[in-house]
Amino acid sequence: MEQRSVWKKMMDVDRRVIYLIVAVVMIVPIIFPFDLPMKISKRTTEVLFNAIDSFPEQHGVFLISADLNPQDQPELFPMLVAWIRHCFYRDIKVLVMCLYPTSMGLAEQALNQVAMEFNNRAADGIGRRVVYGEDYIFLGYKPPPIVPILGLGENIYDVFPRDFYGNELKSLPMMTKKNIKSYRDMDMIGSLAANTLPITYVAYAQARYGIRVTGGVTAVSVADFYPYLDSEQLTGMLEGMKGAAEYEQLLRQQFPEENGRQLASEGMSSQSSTHIAIILMIVLGNVCYFMNRRYETRGM
Amino acid sequence: MSMILEAFWIWIAALLTLAIFSFLWKDNVFYRTAEHLYIGVANGYSITLIYYNVVLPNMVYPIRGANQALSADGFSWGLLNPFNDHNYFIILPMMVGALYITRFIPSVSWMIRIPIGITMGYYTAIAIPASFKASIVRQLEASILTRSDFDSWSVVFYGLLIFLTTVATLIYFFFSAEHKGALKPISEIGILTVMVGFGASFGLTVMARISLAIGRFIFLFKDWLGVVS
């Protein structure tokens with residue numbers, strides 16, 4: 001009887017106790033981080049990293065559709081930062097655009113943050129400076145999604161006559177030197193979104209204009225994209241915070257001077273410990289359930 | 001000055017984060033304040049951006065430019081050309097768009113069908129061929145194993161696994177015949193496959209939600225409290 005009450009009590013535990021356990025397990029590794037070996041996903045992260053790494057240096061153009069919202073920031077913002085860093089290291093030109101209004105602040109923040117990192121390092125004699133209009137351009141926001149996605153395949157100047165800061169796009173040196181007019185003059189589109197926008201890019205930009213598309217997506221939506229990965233319609237993919245941390249690791253391996261804040265890697269020890277805690281709680285919950293049922297069926 | 005401003009906004013963000021977290025204990029006034037503030041700020045921000053990025057360049061500037069051209073040079077047919085930067089043609093789609101407002105006038109509310117019909121027709125025409133090609137034709141192509149695929153045992157194994165589990169799942173959801181005899185074990189494999197799919201989705205969902213919480217905790221302990229280097 002006493003045993004049954006223990007299982008019953010555990011079944012009826014207050015949900016706030018669970019929250020507290022999860023919070024502790026999450027916070028302790030943030031304050032006292034530990035390193036765990038991280039295996040790079042070959043068919044997602046590595047494929048994407050190699051694809052961007054194979055863009056022609058000084059001639060490559062990467063269009064990033066940064067459609068992340070504040071609620072997606074922990075997963076998608078590190079991906080955006082990592083992509084921009086990779087492009088700047090390899091002197092690949094970056095175009096950033098947004099299809100949702102609430103993405104604008106984060107996209108601009110990422111560009112400014114990485115540009116400042118590179119320019120501070122350049123001031124110390126490491127690496128090169130990056131200049132707005134020559135190395136990167138922030139195109140701003142243009143709705144609704146399908147219209148600019150199709151329009152960029154015809155003429156970028158019709159969709160974005162001016163950049164986010166009001167400069168005439170045709171007047172910016174990067175556009176004139178690289179003669180960027182449409183998808184034909186770009187190497188790949190990277191779609192960062194918590195919804196199915198990468199598939200929209202596959203359907204409208206890739207199927208129609210043939211440009212390669214990759215995605216940076218939240219973990220909850222990863223399963224939707226695997227069929228497109230298998231069919232090679234997506235050139236690699238970053239899956240949630242883990243994908244971003246893997247990309248940061250590849251960047252550190254390839255570019256030893258990389259010393260910027262590793263936004264995703266910071267959270268990985270916490271991620272691992274919380275996963276272990278949740279697995280243990282699921283097992284414990286099931287044991288409690290079956291033990292409780294066993295005692296009830298025996299009429300104890 | 002910028003440092004003080006940055007610290008001020010970090011404090012605001014931290015207090016709002018704590019207000020949202022307070023819902024975990026129970027619903028309270030701090031949570032509801034933060035929730036309403038978020039919705040209000042997000043809407044205000046979006047409306048302002050849409051006004052400056054859509055309404056002004058696509059509606060106001062073309063008509064203003066056409067007015068200036070009309071007063072300077074008089075009427076020309078170019079002012080009705082939709083491909084000119086400044087034109088009056090834009091008034092026509094504006095009027096069609098404005099028909100959405102008829103939703104609030106019962107006697108003419110049927111007119112809302114006009115802009116809805118145009119929008120649906122446009123998007124359907126664009127979507128059908130694109131989706132058919134990307135999500136059906138290319139997916140079918142990718143599911144076909146060719147002779148070169150058999151060079152790798154893993155491709156063959158996973159190809160067969162996908163094929164068999166797809167068939168088993170379809171049979172599980174085939175309700176026109178009773179699941180007995182040969183259909184019984186196959187449909188059981190089907191339900192097992194569905195359960196594995198649910199488990200994978202649950203795991204990914206947990207991973208995503210934990211990532212969001214970690215992001216907030218890193219902000220609180222690193223950017224706000226500074227207890228982590």
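**Working through chain A and helix H5**

In chain A, 73% of the contacts with a separation of 6 or more join residues 24 or more positions apart; two residues are in contact if their C-beta atoms, placed from the backbone, lie within 7 Å. This is a predicted model, where local features need pLDDT of at least 70 and side-chain atom pairs pLDDT 80 or more, while totals for chains, interfaces and linings use all residues. Residues count from 1 along each chain as its sequence is written, and chains are lettered from A in the order written.

**Exercise 1.** Work out how the span of H5 in chain A compares with the expected one.

*Solution.* Start with the limits: H5(A) covers residues 104-123, 20 residues. Helices here are DSSP runs of H or I, at least four residues, and strands are E runs of at least two, numbered from the N terminus. Next, take the expected span as 1.5 Å times one less than the number of residues. Finally, compare: H5(A) reaches 28 Å from first C-alpha to last, close to the 28 Å expected. After the helix comes A:Gly125, with a positive phi near 85 degrees.

**Exercise 2.** Find the buried residues of H5(A) and what covers them.

*Solution.* First, the cut-off: buried means 20 or more other C-beta atoms within 10 Å of a residue's own, with C-beta atoms placed from the backbone. In H5(A), the buried residues include A:Met104, A:Leu106, A:Ala110 and A:Phe118.

Notes:
Buried ≥ 20, exposed ≤ 12 C-beta atoms within 10 Å, placed from the backbone.
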